Amino acid sequence: MTTTLAPAAAPTGRGPWQLARAELRRRTSVKISLAVVALFLVMAAAAPLLSRLGGWSPEEFDKTAVDPYLGGQPLGTLGGISADHWLGVEPVTGRDLFARVVHGAQVSLLIAFAATAIVVVAGTAAGIAAGYFGGRTDAVLSRLMDLTMSFPSLIFMIAMMSVAKDVNRIALMTAVIGLFGWPGIARVVRGQTLSLKHREYVDAARVNGSGSWRILTRDILPGVAGPVIAYTTLIIPGMIATEAALSYLGVGVRPPTPSWGQMIAESVAFYDTDPMYFVIPSACLFLTVLAFTLLGDALRDILDPRGSRS
Amino acid sequence: MILYIGRRLLGVTGVLIAIAAVTFTIFYVLPSDPAAAACGKSCSVERLAAIRTHMGLDEPVWKQFWEFASGIFTGRTMGSGQYALHCDFPCLGYSYENSESVWGLLMDRLPVSASLALGAAVLWLVLGLSAGVTAALRKDTLTDKVLMVGAVAAASLPVYFTSMMLIYGLIRTAGLLPYPQYVPFGSDPVHWASNLLLPWLALAVLYAAMYARQSRSSMIETMAEPYIRTARAKGLPRRTVVVKHGLRAGMTPILTIFGMDLGGLLAGAVITESIFGLPGIGRLFYGALSSGDQPVILGVTLLAAAFIVVANLAVDLLYAVVDPRVRY
């Protein structure tokens, strides 16, 4: 009996990262959210270019676009959307909303990303150190995590931002937001490190005479990379929202520098007469946060299947 | 158990002292001169010096902190001579702005913030957990997808956006609800609730969305545990399996985040209170910021921290009740 067996599909040797990429490409929500994220990233990166293309700088007044007899209402429909002002203008001043939104994206995303970087680097370092070295290092770091988590972070951030006055607001805000975020990721990494440090391959490396630094960077760090990447994507929306909340409360970046939260705060006074002024920055904020959350959900499902269930 | 509680209480005190020290240091290291703020514009050098002495600002920072920290537990006398002012336990100092005792100010405002936080918490627990558990039990069905898309969208809405939409939709356009005005619960519970309904909703939307997401994943994990299969195999009705076996274990992670969230909100939801004009601790804090009223800022921060650590402690103790695996 001769049957022609189809040759068993040779194992293609796809590593976990390739599998993850294939899985990501399969999902529609990932494609859409990636597109939205990319759109806003380009907007932020090319803000000066885009606003020059639109013909207005974010701080330029245009008195011809508002009606002085109607309390500075934008002329035309939908908050003054026209060929000249793509997203309309701010009431009273007539500043171009398109230019302000793209420059606002730059400020908001810059702070959110920089704060995330601080949180991830500090959190991963602390988590790995606590998990790997254990003992007194772990005790001290874990107490520090508990302490940081007991801080009423939003109240504390507001207080710090309002006390410090004459410094670089963007740098200060990044530092203040970054200061309170690290324990969350440190706990995840610590748990992961604890489960990795007695695996055979780590023991083998130790027996072979690898030093702590080498083991940490070559053996442990790649093992915690998956959850860290997923967690990073999931904390970005929180960072964007925090930046917006601080700016909304008026303790963020100082005018005339635009940021989304600050634009929303200013637009609240006009929500009745010029709703578009309120809608545009709110929609940007909503879409960015939503897109990053969806992306983070997908990454967590794929890179950290345990974490997604716990 | 008692030993455990004792140890935890000691830890709580330690955390609070550390937070007080950090807060205190920040406000002294960062440039701000409360004496100048209290003295006003036309202030003579002698008067400024007198105020400094009265406030104890000429003492070294550690001594000021010691005075402050011990004052919380024992009360203290501020200033000397004819201006001496006795500040009773628990002394958090006096507001620079209107010379009222900070403790008194906080306690005046606490009912408002607590009403807001507790009402919203009830709302978001009911909404969030029922949505999350429903979605988990009907995993991968249309119900699940609709609920989760709604949750992820609602979790992306900032609270000030939701608040403005609610104000616009329910007050301005439909005229269904009054513009919130705080009415104490004791004087008129019905008006208390109807006035707070809108702020509760605004706050609850965000948290309900987060809790729905959390409880769904936690519940899915629990329902996949072997002991649930055992319970099913014994022939228990589905209801009993879900409610008595599933929920109990599935909800313990929720308890942890609930403790932190509620603790954080009890000492004032700054944004919600300022949008709806509720005279709670959050508004007090926001007002104190603009006038540089340091004792009030310090007081609110400490109270908020106290609520968080006490809520965490309560949650850990509740764990022993809810989760039979936990023994202290």
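**Entry 1: B:A208**

I started with B:A208 and found it in helix α8 of chain B. This is a predicted model, so I am reading a prediction throughout. Is B:A208 buried or exposed? I counted 26 other C-beta atoms within 10 Å of B:A208, and 20 or more is what it takes, so B:A208 is buried.

Next I looked for its partners. Leaving aside neighbours within four places in sequence, B:A208 is in contact with B:W124, B:L127 and B:G128. I also checked B:A314 against B:A208: the two are 106 residues apart in sequence, and their C-alpha atoms are 22 Å apart in space.

**Entry 2: B:D140**

I then went to the loop between α5 (102-137) and α6 of chain B, where B:D140 is found. Around B:D140 I counted 8 other C-beta atoms within 10 Å. The limit for exposed is 12 or fewer, so B:D140 is exposed.

**Entry 3: chain B as a whole**

How many helices and strands does chain B have? I listed 14 helices and two strands. Chain B runs to 328 residues, and buried ones make up 39% of them. I also looked at contacts in chain B between residues at least 6 apart in sequence, and 66% of these join residues at least 24 apart.

**Entry 4: α9 and α10 of chain B**

I picked one helix pair in chain B, α9 (residues 226-233) and α10 (residues 238-250). They pack at an angle of about 150°, with their axes 10 Å apart. Anything over 145 degrees counts as roughly antiparallel, so that is my label for α9(B) and α10(B). I noted their crossing as right-handed.

Which residues make the contact? On α9(B) I wrote down B:Y227, B:I228, B:A231 and B:R232, and on α10(B) B:V241, B:H245 and B:G246. Sorted by class, the contact of α9(B) with α10(B) has four nonpolar, two polar and one charged residues.

**Entry 5: where the chains meet**

I turned to the two chains together and found 33 residues of chain B in contact with 33 residues of chain A. Several helices of chain B each supply at least two residues to the side that touches chain A, among them α1 (2-29), α8 (189-223) and α13 (281-291). Which helix gives the most? It is α14(B), with seven residues. By class, I get 27 nonpolar, five polar and one charged residues on the side of chain B that touches chain A.

**Entry 6: annotated spans in chain A**

For chain A I went to the UniProt record, an unreviewed entry. Its "transmembrane region" annotation covers residues 32-51, 107-132, 144-164, 170-189, 220-240 and 276-299. I checked two of these spans in the model. Residues 107-132 of chain A are 100% helix and 0% strand, with end C-alpha atoms 37 Å apart. Residues 170-189 of chain A come out as 90% helix and 0% strand, and their end C-alpha atoms lie 28 Å apart.

**Entry 7: α2 and α12 of chain A**

I looked up helix α2 (residues 28-45) and helix α12 (residues 275-303) of chain A, which pack at about 135° with axes 9 Å apart. α2(A) and α12(A) are therefore oblique to each other. The crossing of α2(A) with α12(A) is left-handed. Residues that meet here include A:S33, A:V37 and A:F40 in α2(A), and A:L287, A:A291 and A:L295 in α12(A). The contact of α2(A) with α12(A) divides into eleven nonpolar, three polar and no charged residues.

**Entry 8: α4 and α10 of chain A**

My next pair was α4 (residues 97-133) and α10 (residues 212-248) of chain A, packed at about 145° with axes 8 Å apart. α4(A) passes α10(A) in a right-handed crossing. Among the contact residues I noted A:S108, A:A112 and A:Y132 of α4(A), with A:L216, A:T232 and A:E243 of α10(A). The contact of α4(A) with α10(A) has 17 nonpolar, four polar and one charged residues.

**Entry 9: α7 of chain A**

Last, I looked at helix α7 (residues 169-179) of chain A. Its buried residues are A:R169, A:M173, A:T174, A:V176, A:I177 and A:G178. What covers the buried residues of α7(A)? I found that the cover includes α4, α6 (153-163) and α10 of chain A.

How values were computed. Residues are numbered from 1 along each chain as its sequence is written. Chains are lettered from A and ligands numbered from 1 in the order in which they are written. This is a predicted model: local features need pLDDT of at least 70, side-chain atom pairs count only at pLDDT 80 or more; totals for chains, interfaces and linings use all residues. UniProt positions are given in the numbering used here, feature names are shortened, and annotations may be inferred rather than shown by experiment. Helices (H or I, at least four residues) and strands (E, at least two) are DSSP runs, numbered from the N terminus. Axes are lines fitted to C-alpha atoms, for helices over the stretch in contact, and angles run from 0 to 180 degrees between N-to-C directions. Angles under 35 degrees count as roughly parallel, over 145 as roughly antiparallel, 65 to 115 as roughly perpendicular and the rest as oblique. A crossing is left-handed if the near helix is turned anticlockwise from the far one by less than a right angle, and right-handed if clockwise. Two residues are in contact if their C-beta atoms, placed from the backbone, lie within 7 Å. Ala, Val, Leu, Ile, Met, Phe, Trp, Tyr, Cys and Pro count as nonpolar, Asp, Glu, Lys and Arg as charged, and the others, Gly among them, as polar.
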